[in-house]
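Work through the exercises below with the sequence and the coordinates open. Each task is followed by a stepwise solution.

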Amino acid sequence: MNSHQIETVQHTFAQAAPMADEIATRFYQRLFELDPSLRRLFHGDMKQQGDKLMTVLAFAVAGLSKPETILGPVRRLGERHVQYGVQPHHYATVGEALLWTLAQLFGPAFTPEVEAAWAGAYGLLAGVMQEGEREATHA
Ligand code: HEM
């Protein structure tokens, strides 16, 4: 990701913050439409789950400009996802649901450029999480 893309993601995330509840609700709806089998992996209250997701995304988005500060925690988040039953191919589905949700909420403001910046940010996070996952599996 270049610095302009990082700024784009940080700026659009700041605009999205007031819509956090709605983002979380629509995101999980879309995720379970794309892959209904994922439902059984989630046990808790979905409102709380949505809050956690948004908190971690906020942390990760803020950290894009200084990745060394987030690598450790994001790797450990990936390790924990192995325990949740998450498999590598699920990351693509989650990414698709996330980009779809942002596109819905931002409408025309979600230009191809903004979308590419978000796809880059998600890809980066998912990549680091999966490194953590591989370490957890092969340790
Ligand atoms: C950028 C990617 C992701 C982020 C930021 C993220 C964030 C989180 C957070 C913050 C939690 C709360 C628990 C914890 O901190 O360990 C969590 C739990 C969970 N996540 Fe993710 N996640 C991501 C990708 C995924 C993917 C690809 C899946 C696949 C379906 C997934 C499924 C789950 C499940 C099943 C739980 C536990 C739910 C439960 O125990 O009820 N996550 N995630």
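Predicted model: local features only at pLDDT ≥ 70, side-chain atom pairs only at ≥ 80, totals over all residues.

Residues are numbered from 1 along each chain as its sequence is written.

**Exercise 1.** State the confidence of the chain and find the helices where confidence is lowest and highest.

Solution. pLDDT is the predictor's confidence in each residue, from 0 to 100. Its mean over the chain is 89, and 97% of the residues reach 70 or more. Helices are DSSP runs of H or I with at least four residues, numbered from the N terminus. Confidence is lowest in α3, at a mean of 85, and highest in α5, at 94.

**Exercise 2.** Describe how α2 packs on α3.

Solution. Axes are lines fitted to C-alpha atoms, for helices over the stretch in contact, and angles run from 0 to 180 degrees between N-to-C directions. The axes of α2 (residues 20-34) and α3 come within 9 Å and cross at roughly 110 degrees. The two helices are therefore roughly perpendicular (65 to 115 degrees). Contacts (C-beta atoms, placed from the backbone, within 7 Å) join A20, D21, I23, A24, T25 and Y28 of α2 to M46, G50, L53 and M54 of α3. By class, this contact has seven nonpolar, two polar and one charged residues. Nonpolar means Ala, Val, Leu, Ile, Met, Phe, Trp, Tyr, Cys and Pro, charged means Asp, Glu, Lys and Arg, and the others, Gly among them, are polar.

**Exercise 3.** At what angle do α2 and α5 pack?

Solution. The angle is about 135 degrees, with the axes 9 Å apart. α2 and α5 are therefore oblique to each other. The residues of their contact divide into nine nonpolar, three polar and four charged.

**Exercise 4.** Characterise the shell around the ligand.

Solution. The ligand is surrounded by 20 residues (C-beta atom, placed from the backbone, within 6 Å). The closest are L41, H43, Y84, H90 and V94. α3 (46-63), α4 (71-83), α5 (90-106) and α6 (112-138) each supply at least two shell residues, and α3 gives the most, with four. By class, the shell has 14 nonpolar, four polar and two charged residues.

Key. Parallel < 35°, antiparallel > 145°, perpendicular 65-115°, else oblique. Contact = placed C-beta atoms within 7 Å.
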